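The sequence and the structure are shown first.

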Amino acid sequence: MPEVLLICRDGLASSLVSNLVFAIGAKRAGVDIGIFFTQEALQAIAENRFEISPLLKEHTNKIAGNAKGMGLIADPLILLKSARNAGVALFACPIWVGLLELRGKLPAQISEIDIPTALKIIVETKKVIGTF
């Protein structure tokens with residue numbers, strides 16, 4: 001059971017990147033952390049289609065340049081692999097996997113779990129950050 005669980009529901013590239021980068025950093029700092037992907041985030045990952053927030057679109061080049069300068073990866077699929085390799089627990093919300101018919105369509109890094117397991121993770125995790 002992770003000590004900290006981030007809930008990522010937005011399919012925006014910025015949201016996915018932020019959740020994954022923070023989780024990797026926390027894991028490297030010794031925090032047992034996981035990410036629970038739900039709703040749009042699952043669909044974006046399944047389709048490999050990561051939208052840019054309308055407010056950030058005009059800043060795409062600046063963000064990409066600054067990410068490179070900061071040594072950050074801004075590709076959610078690469079970050080998923082990096083997160084799993086770092087030991088971050090990655091879970092798919094079973095409700096939205098069912099609603100969106102995504103069973104078996106997500107990258108191998110994300111664990112497809114059942115509802116009782118999801119509830120156990122949420123209830124037993126010491127700190128849950130985010131919303132559904």
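In which sense, parallel or antiparallel, do strand 1 and strand 5 pair, and over how many bridges? In this predicted model, strand 1 (residues 4-8) pairs with strand 5 in the parallel sense, over three bridges.

The open sheet consists of five strands in the order 4-3-2-1-5, with parallel pairing.

Strand 2 and strand 3 run parallel and are joined by four bridges. Phenylalanine 37 has alanine 92 in strand 3 as its bridge partner. Strand 3 also pairs with strand 4 in the parallel sense, over two bridges, and there phenylalanine 91 has serine 111 as its bridge partner.

## Nonpolar core

The largest nonpolar core holds 37 residues, of which Ile35, Phe37 and Leu90 touch the most other members. At least two residues each are supplied by strand 1, helix 1 (13-28), strand 2 (33-37), helix 2 (39-47), helix 4 (76-86), strand 3 (89-92) and helix 6 (115-124). Helix 1 provides the largest share, seven residues.

Leaving aside residues up to four places away in sequence, the contacts of isoleucine 35 include Leu5, Leu6, Leu20, Ala23, Leu90 and Phe91. Strand 3 is covered on both faces: Ala89 and Phe91 are buried on one side, and Leu90 and Ala92 on the other.

Technical notes
Residues numbered from 1 in each chain as written. Predicted model: local features only at pLDDT ≥ 70, side-chain atom pairs only at ≥ 80, totals over all residues. Heavy atoms only, no water. Pairing = 2+ DSSP bridges. Core = buried A, V, L, I, M, F, W, Y, C linked by side-chain atoms within 4.5 Å. Buried < 20%, exposed > 50% of the residue type's maximum accessible area, 1.4 Å probe, protein only. Contact = heavy atoms within 4.5 Å.
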